[in-house]
Amino acid sequence: MLRFRQGYYADVRVEDRYTTSVRYRNGVAEENKSSCVKKAFIRVFDGKMWYYASTYKLDDLQSELEALYAAATPDYFVHDHPAIKKLQVHTKKKLRFAGDCVKDVPAENKQAVLTQRFAALSDSPYVKMSTALYADRYSVYHFMSSKGADLEYDYQLCGAAFTVSLSDGKNTFDNRCQFTASAFSALDVTDERVKAMVDEGVNYLLHAKPVAPGVYPVILSPEVAGVFAHESFGHKSEADFMIGDETMRKEWELGKKVGSDILSIYDSGKISGSGYVPYDDEGTKAGKTYLIKNGVLSGRLHSAETACDLGEEVTGNARAMNCDFEPIVRMTTTVIETGGKTKEELFANVSHGYYIKTYKHGSGMSTFTIAPSLAYEIVDGKITVPVKIAVITGNVFETLNLIDGLSDEVEITSSITGGCGKMEQWPLNVAFGGPYVSISKMNIA
Amino acid sequence: MNYEKSVKNITSYSVSVTNNAVTSLRVSEDLKTSVRVYEDGKIGVAGAIGECSESSLLEEARQKLNQGIPYPYCPAPAIRRSERGSDEIISYNDFVPACKSLVKRLSESFPDFIFSNKINEEKYWQSYSSSSGAALNYKSNNITMALTIKAKDSANIMDLMYSAVQNRYSEDEIVADAGALLGVYKNRLQIPEGVLVLIPADIVEFLVPHLVAEKYMAGSGIFNGRLGQKIFDGKVSISLSRKSDNKENLPFFDCEGTVLKGDEYPLINGGVLSGLLTCKRSASRYNLPLSGGAEADFDGVPSCGTDGVRILPTSNSLKNLVQGKAIYIAVTSGGDMTTSGEVGLPVLLAYVYEDGKLLGTLPEFSLSGNIFDMLGRDFIGAAKNDAFSFADETLIVTRMKINA
C-alpha cells in the first residue's frame, strides 16, 4: 500500500500489459511471442512543477515516490490548486474483458487465424511477397491518487493484418487489409475479404494512372474521413496547445463558426475498439465531447491542467502511450457524424473528381496532409480507373467549409498495428470514423 | 548450445516546456535483457525487463525453440571491443536549472514567440556477448532539443520546430540557431523563381523501405533488378553508418553483434545501388552481405532495421553548393512518394537562404518531383546546414517543381 505524503498531490498508474505478436512472411513463421510488461508511472505535483518517474521497479514504488517528493517542495494547500480540484476521484474495479481474455486463447488458435488465410493471400501471380500478422493486447490498469482515487479497469484489442507486395515486373504496389475486435471470439477474419484485397491491389497495380496535380472535388471513404477528422481538426482540439496563449483563446473561442453547417465531429472514449478509454491516465471517466456541432466550435479535449487553464471541464483525454510517459491531451475515438445523403447520391454529384478509399498515413497542423493508398477517378458520378496520388492536402479551415455532403452511415476504423503520434509518444491506440464525405475542392499532388 | 545475450540500459531526464516555462521533470530508467539461442536452424528468444537471471532466460529461450521459428545460426565474430561516446553532458542536479536558463533566455531574446515541448538527456549503455566469443560494449550520452515554436500572434498550434540531437550542450549555440530562424521570421518574401531547394535529408526515408532485402528480392520495390547499376547521380552516396561520430546513441554493433568494416555499410555508392539492408536471416536466405542494421524487441526475433541510414555530404560547405539564393524547406506537412517515385511535399514554412544565412520566410506552397530526378539529373549535392551551429542538419540540394 502506497503512503502519500501531505503537501503534495501524487498519483501512481500501473499497467500490466500482455501482448501477442505472430508474424509470417510468405507463409514462413518469423515471430511468435507473448510478452508481459508491468511498469509504473508516478506523478507528484507541488503546486509549481510536476515531477514524474517511469519505473519497472514495482517492488519499490514507495522509494520512487519518495525520490520525487524529495525533488519537489511541499505546499500544504496543493489539493486546493485549481488543476488538482479538477481531478476526479473514482473508486471502482471493472474488468470488462477478464472473462473473454486473449491471454486465455491457445497460441495455435491465434496462429490459425493467419495460416488459414495463406491460400487466399497468395492467390495471384502478381503477389511477390506476403505478410500475415496477428496481434493482441490485454492491459489491466491500476490508478491510485492522493485524493483517494483507486481504480482498476482493463483494455483489450486483437486483430489480424495482411499485406501483399505486388509487381508485374515494371510497376509495384503494396495493398493491405486489417480485422480487429475487442475479443478473440468476435474476430471475424474471412478469406473473402483477404482475396478481395489481393484482387483490388492487382487491379490497381495493372491499371493505376498518374494524376495531374491540381484542385479537384474529392470523396473520402469512411476510413479516410476518419483520419481526416483526426488530422484536420482533432489535433487542433487538444487544448494543451492553448495553455497561456491569448491569441489561441481568441481564435478558438467556443461558438465560432469553423466548418460547413452539415459538419459535426465528436470524440468519445466510450466506443469499443482501439479508441476505448473508459478512464484516462489521470483517472477521469470517459466522456463524449462535441468538437464541432453543425459547423460551430463546440468543445475541446482536456487534461486537468488544460481544463483549469481554460476554465472548462475535464473530458477524459489525458492519455499516455504507456508507463514510459506522462499523460498529455490526446484523442480517443474521433468521429464525423452522418449526413442525410446516400453514398450513391454523393458520388452522383461529382462529374469529375477523385475517390480516396484507403490511406498510408496522415498529418496535420494549419495544413493537413493525407497520403492515399487506393484512390480512384470519378467520372460522371461513377468510380472508374485507379489513380496514383502522392498526397491530398489543404488548409484545415478552408477545407472544413468545403464539405458539401455526408452519407447516412458511419463506419468506425480500429487499428491493431498503428496509432496516433504526438511529439515523442507514438503509437497511441486511437480509432476514428465517419460517413462518406464529399469535399468540393481539395489539392491533389 | 549457441547463444547470444544483449543488455540495454537507458536512463533519461526530460523536461516539459509549456508556454516559455519549464513545467515538469521526468526521470526514466529502462533495463532490458535479451537472450537468443540457436539450434538446428531454429531460434528461441527470451527477454526480461529489470534485473534478471541469465540462466533462467537461457532456459526460457531454449524452450522457445519448440515454436519452430527458422533462423540461421551465423556466429558473430569473436571481436572484443568497447567504445565510449560522449560522457554525461549535464548532471541530474544541473539539468533543470540548465533548461530553465535556456528557456528564459529564449523567451527574453525572442519575445514574440512561445517555446514549448521537450528537452531530453539520455544516458545509453548496450552490451552484446555470444557463445562464439564476441564481447561488445557501447556507452554514450546525448541531448535532444525538440522545441515547438509559435508566433504569439499566430492561431496555429505551432509554426515551426527547433530539433537538434547532439552529444554536447551549448546554450549560446542553441540561442544562435533560434536567432537564425526567428530573427528573420517576420520578414515575408516572395518565392524566388528558378532557384535550388534545400531539403532536410530525412527525405531519404522514402527510399529506405525499397532498400530492404526482402522487398528488393521479391521484386516489389522501386529499384527492382537494379542492384549493381547506377540509379542516381554519381555524387549520391547513402550508407548505414554506425560510426562513433553519430549523435543518436547508435552503437557500433547491431542487435546480432554485426560490426561493419569502418562501421559503415554502403547502400548507394557513387550513384550505384551497391547494397541492401539485411539481418542474418535475409542475408543468409539471399546470400547477401550483412548490412549491420538488425534490430529486435527485447523478447523478439531479429529483423532488418533501418537506423543509421543517411546520405553522405558531398561538400564541407553548403555555400559551395549554392550560388545565390535558394529555398530552405523548414517545415513540411507529411509528404509521400508514389510507387513511380513521384514525390509530393506540402511545405508549411520555407526560408530564402543565401550565403550561409536565412533571409526571410515564404508563403505556403507544395513541392513535387520524381525521386530519380531529385537524386539524379537535378541533384547538386548534400551538406550540413551552415545557418545552424548546434543543430546538425544535413540538407539535400536539388531542384523540384514549386506549386504556389
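**Stop 1: the parts of chain B**

Start by colouring chain B by domain: domain 1 covers 2-182, domain 2 covers 196-203 + 314-403, and domain 3 covers 206-311. Those bounds come from an automatic or database domain assignment. A bit of housekeeping: this is a predicted model, where local features need pLDDT of at least 70 and side-chain atom pairs count only at pLDDT 80 or more, while totals for chains, interfaces and linings use all residues. Residues are numbered from 1 along each chain as its sequence is written, chains are lettered from A and ligands numbered from 1 in the order in which they are written, and side-chain values use heavy atoms, leaving out hydrogens and water.

**Stop 2: domain 1 against domain 3**

Now select domains 1 and 3 of chain B; their centres, taken over C-alpha atoms, are 22 Å apart. In contact (heavy atoms within 4.5 Å) are 37 residues of domain 1 and 25 residues of domain 3. Together these two domains of chain B bury about 2,500 Å², with 60% of that from carbon and sulfur atoms. Buried area here is the accessible area (1.4 Å probe) that two parts lose on being put together, summed over both.

Which residue forms a salt bridge with B:Arg81? Pick B:Asp263, where the closest N and O atoms are 2.8 Å apart. A salt bridge means a side-chain nitrogen of Lys or Arg within 4 Å of a carboxyl oxygen of Asp or Glu. The count between domain 1 and domain 3 of chain B is 1 salt bridge.

**Stop 3: where the chains meet**

Zoom out and bring in chain A. The contact between the chains takes 60 residues from chain A and 65 residues from chain B. Chains A and B bury about 5,000 Å² between them, 54% of it on carbon and sulfur atoms.

How many salt bridges are there between chain A and chain B? The count is 12. For one to look at, select A:Lys57 and B:Glu29, whose side chains meet in a salt bridge at 3.2 Å, N to O.

Finally, switch to cartoon and find strand E3 (residues 50-55) of chain A running parallel to strand E2 (residues 21-39) of chain B, with 5 bridges joining them. Strands here are DSSP runs of E, at least two residues, numbered from the N terminus, and two strands pair if DSSP finds at least two bridges between them.

Methods:
Helix = DSSP H or I, 4+ residues; strand = E, 2+ residues; numbered from the N terminus.
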